[in-house]
Amino acid sequence: MYLHLGQEVVVKYRDIIGIFDLEKATLSKKTKDFLAHATKEGRVITVSYEMPKAFIVTIQAGKTIVYISQISAATLKKRASQ
């Protein structure tokens with residue numbers, strides 16, 4: 001099964017590590033550092049250039065990939081549970 005993250009981007013359910021609310025999660029310094037490090041290494045994919053609301057952490061081919069989505073974390077979690 002696949003989860004639609006926005007635009008034309010989908011990921012396999014089994015590859016998803018976590019779905020996080022961008023506003024709430026970035027209050028933590030560790031999360032900010034994680035996202036900064038992933039961005040520096042080119043492992044962040046922006047799904048849309050609209051206001052980002054969530055980030056999705058995945059493991060694909062042994063690498064951690066972070067997707068930034070305009071869809072809220074609550075909506076993504078709801079889609080994943082269906």
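Analyst: Helices (H or I, at least four residues) and strands (E, at least two) are DSSP runs, numbered from the N terminus. Arg 79 lies in one such run, helix H3. The model is a predicted one, in which local features need pLDDT of at least 70 and side-chain atom pairs count only at pLDDT 80 or more, while totals for chains, interfaces and linings use all residues. Residues are numbered from 1 along each chain as its sequence is written, and side-chain values use heavy atoms, with hydrogens and water left out.

User: What makes Arg 79 count as buried, partly exposed or exposed?

Analyst: Buried means under 20% relative accessible area, exposed means over 50%, and partly exposed lies in between (1.4 Å probe, protein chains only). Arg 79 has a relative accessible area of 31%, and is therefore partly exposed. Leaving aside neighbours within four places in sequence, Arg 79 is in contact (heavy atoms within 4.5 Å) with Leu 3, His 4, Tyr 13 and Ile 71.

User: Why is Ser 69 called buried?

Analyst: The relative accessible area of Ser 69 is 1%, so the residue is buried. Ser 69 is found in strand S6. Beyond four places in sequence, its contacts include Leu 5, Val 47, Ile 56 and Leu 76.

User: How do you know that the side chain of Ser 69 makes a polar contact with Leu 5?

Analyst: A polar contact is a pair of N or O atoms within 3.5 Å; within protein, one must be able to donate a hydrogen and the other to accept it, and residues adjacent in sequence count only if both atoms are side-chain atoms. The side chain of Ser 69 reaches the backbone oxygen of Leu 5 at 2.5 Å.

User: What makes a group of residues around Leu 5 a nonpolar core?

Analyst: A nonpolar core is a set of buried Ala, Val, Leu, Ile, Met, Phe, Trp, Tyr and Cys residues joined through side-chain atoms within 4.5 Å. The largest such core has 13 residues, and those with the most contacts inside it are Leu 5, Ile 19, Ile 56, Tyr 67 and Leu 76. Two or more residues each come from S1, strand S3 (16-21), S5, S6 and helix H3 (73-81). Another core, of eight residues, lies apart from it and has Leu 22, Leu 35, Phe 55 and Val 66 among its residues. In soluble globular proteins, nonpolar side chains tend to be buried together.

User: Why is Arg 43 called buried, and what does its side chain reach?

Analyst: Arg 43 has a relative accessible area of 15%, and so it is buried. A polar atom of the Arg 43 side chain lies 3.1 Å from the backbone oxygen of Thr 64. Arg 43 sits in the loop between helix H2 (29-40) and strand S4 (44-46). Not counting residues up to four places away in sequence, Arg 43 touches His 37, Ala 38, Thr 64, Ile 65 and Val 66.

User: How do you know where the buried residues of H2 lie around the helix?

Analyst: The buried residues of H2 are Thr 31, Leu 35 and Ala 38. Seen down the helix axis, they fall within an arc of 65° (taken over the directions from the axis to the C-beta atoms), so they line one face. What covers these buried residues includes helix H1 (22-25), S4, S5 and S6. The face turned away from the buried side carries the exposed residues Lys 29, Lys 30 and Lys 40.

User: What caps the N-terminal end of H2, and what follows the helix?

Analyst: Ser 28 is the cap, with a side-chain oxygen 3.2 Å from the backbone nitrogen of Lys 30. Just after H2, Gly 42 takes a positive phi of about 75°.

User: What makes Ala 61 count as buried or exposed?

Analyst: Ala 61 has 87% relative accessibility and therefore counts as exposed. Ala 61 lies in the loop between strand S5 (54-60) and strand S6 (63-69), and its phi is near 55°, a positive value in a residue other than glycine.
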